[in-house]
Amino acid sequence: MGIRGFAAFLSKRLPNSGTSQYSQEGDTQQFIVDGNSFVHLVSRNINWVCGSQYRLLEEQIIRYYTLMSTTGKPVFVFDGALPQYKISERLDRIQSRFDMIESIVASAINGSWTQDVMFKASTVLPAFAVQVGFSVLSHLGATVTIADGEADEWIAKEARRLRANVWSQDSDFFFHNIPGYVPFDSCSFQFDNNAISYRLYERDKLCLSLGISLEQIPLLAVLGGSDHFTYNEWERISRDNSKFDVPMHGRHRWPKLMKLFSELKTKTLDECMELLCQQFTILADRDQIKHAFETALVQYHATQETQDHREIKWHRKLLEIEQSNTFWGRPMLEDLQQPSCWQISLAVREMIYGLVAPGQPITEYTRAEKKISKHIVQPPPIEKQADGEGLFWDLVGYKPNNVPDQLSIYILAVRQILMHSEHNLGNHELAALVFSIMLSDAKFTPPKQTPTLRSLHLAAQLECTVMCLFLLSQVLYPGLCTHGFWRCLPNDGIHWAFQLLRRGQMPSKILSKAKLDSQLYQHIHANVTHGLEDQIETIFSYE
């Protein structure tokens, strides 16, 4: 989450606290890249309002990585399983996004795609975005690893081991004991010149600019809003301890904090901690603050280093299931009045739980209306077999035929939607899902089309279900999903097809317009509906 408002304070009040740097073609300096922040960085250039633009994301990742590897030696680190103590913070963060999701969806279905809406949509990335980043970088030959837990501390350890700077968009790194920190928003990527200019922040020099001692900087991180407390906890502490006269918001927040610390500059660390704790009149809060100070001192003054790169076993979601018996189904750009887009794939997740954490109850965090809901899933026992591929097909109950291998997982996903939807799918909705698979990997570019609430929700359901089937395949049949399989995930083509189909347009005409293979359409449709014909409601006659 970072330290709220700190980067903005430096930019406005202490613009010279970092040093200008320039990397150019042929430079060989290593640097550590926060993989999740990197995916968010390159996603800013993509319009995610109407679908999962993974071909564009792949192109952007290649473009940025090519420049970064030309001007240095990047090492990418992605988040691993979320530690237990971070759960409340993540819950707060997800809960805070529902109003924004509702606003983005409302703008999308009204055709109001302003730059502001598109930027907000880029902060609510779809389910596969980080996985695509990880896979593309790995395929390019980049040095990539998954952290043992959340990436921050692992990145700091790796930076100390390699004596390398950290590139991220997480203001926690201003405070970590690392050689230096480069915020992504300080970077100017000069693709034509094969160069990158940026600002480098070194902790000892930053302390001089702030006018505080190096040993005090973890205390500043805590009172500045680090993740030792959730946002709601800080709001309550600030409200109930009137002596601590630092507002939660606004331009006076950081100047007041810095004034408080300037009065403690000559104090020892113990004296500083004691005087700061006395700002909190409620004894229980004072004890919490003191504990947070002690934890932060260990965290931000740490000297440990990583030993070497870890062997990457599984996707982050599988690691969380295995290590902490939890699954996070983050909300997507979906219809918030309908059941979560993750609900459709519960049966698939139960298979995953039975294989990865047999006999263990799994805590799921998914959306219920406009709240993040916690519920327990007790998976059925599944006996593992030597033939993982065979067990995979047995569990999903159907093996597609007469279609390219990379489409099998999409066919299985649509079948799950048919089997587990609350109501039968209209035949035009089913056709739109089939077209979405074909259009996403086609050369045809559909005309810009305003989505509907229903087509947005169908696209989200399809992506979430493909994600769960992908996770199951990673456990049993890794060869099913080869590099680039995500290119068939639904983009804005599903909305174009959906609008035409619900107006009665014949599928044959859409196939002709988009220059798609009619025989492939028939094969996909036949595989999707095999044995599930009674789950489809005939709304239009396509004979």
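Author: What follows looks at one helix and one of its residues, and then at a strand, a loop and some salt bridges elsewhere in the chain.

The model is a predicted one. The spacing follows a general rule: an α-helix has 3.6 residues a turn, so residues three or four places apart point the same way. After α9 comes G211, with a positive phi near 75 degrees.

R203, in helix α9, deserves a separate look. R203 is buried but has no salt bridge. The nearest side chain of opposite charge belongs to D204 and is 7.3 Å away; a salt bridge needs the nitrogen within 4 Å of a carboxyl oxygen. A polar atom of the R203 side chain does lie 3.0 Å from the backbone oxygen of F175. Leaving aside residues up to four places away in sequence, R203 touches F174, F175, H176, N177, L214, I217, Y300 and H301.

Next comes strand β5, residues 165-168, which is covered on both faces. N165 and W167 are buried on one side, and V166 and S168 are buried on the other. Strand β2 (residues 30-34) pairs with β5 in the parallel sense over three bridges, and F31 stands opposite N165. Strand β6 (residues 181-183) also pairs with β5 in the parallel sense, over three bridges; there P183 is the bridge partner of S168.

The loop between α8 (151-162) and β5 holds R163. Its phi is positive, near 55 degrees, although R163 is not a glycine. Most residues other than glycine have a negative phi. R163 counts as exposed because its relative accessibility is 59%. R163 forms a salt bridge with E305, with the closest N and O atoms 3.1 Å apart. This pair links distant parts of the chain, since E305 sits in the loop between α14 and α15 (316-324), 142 residues from R163. E305 counts as partly exposed, at 33% relative accessibility.

R349 lies in helix α16 and E364 in strand β10 (residues 362-368), so the pair ties together parts that are 15 residues apart in sequence. Both R349 and E364 are buried. Helix α16 (residues 346-356) has eight of its 11 residues buried, so it is largely enclosed by the rest of the structure.

Another salt bridge, of 3.6 Å from N to O, is that between the side chains of R316 and E320. Both residues lie in helix α15, four residues apart, about one turn of the helix. R316 counts as buried at 18% relative accessibility, and E320 is buried at 2%.

Conventions: Residues numbered from 1 in each chain as written. Predicted model: local features only at pLDDT ≥ 70, side-chain atom pairs only at ≥ 80, totals over all residues. Heavy atoms only, no water. Helix = DSSP H or I, 4+ residues; strand = E, 2+ residues; numbered from the N terminus. Buried < 20%, exposed > 50% of the residue type's maximum accessible area, 1.4 Å probe, protein only. Lys, Arg positive; Asp, Glu negative; His and termini not counted. Polar contact = N/O pair within 3.5 Å; in protein donor to acceptor, adjacent residues only side chain to side chain. Contact = heavy atoms within 4.5 Å. Pairing = 2+ DSSP bridges.
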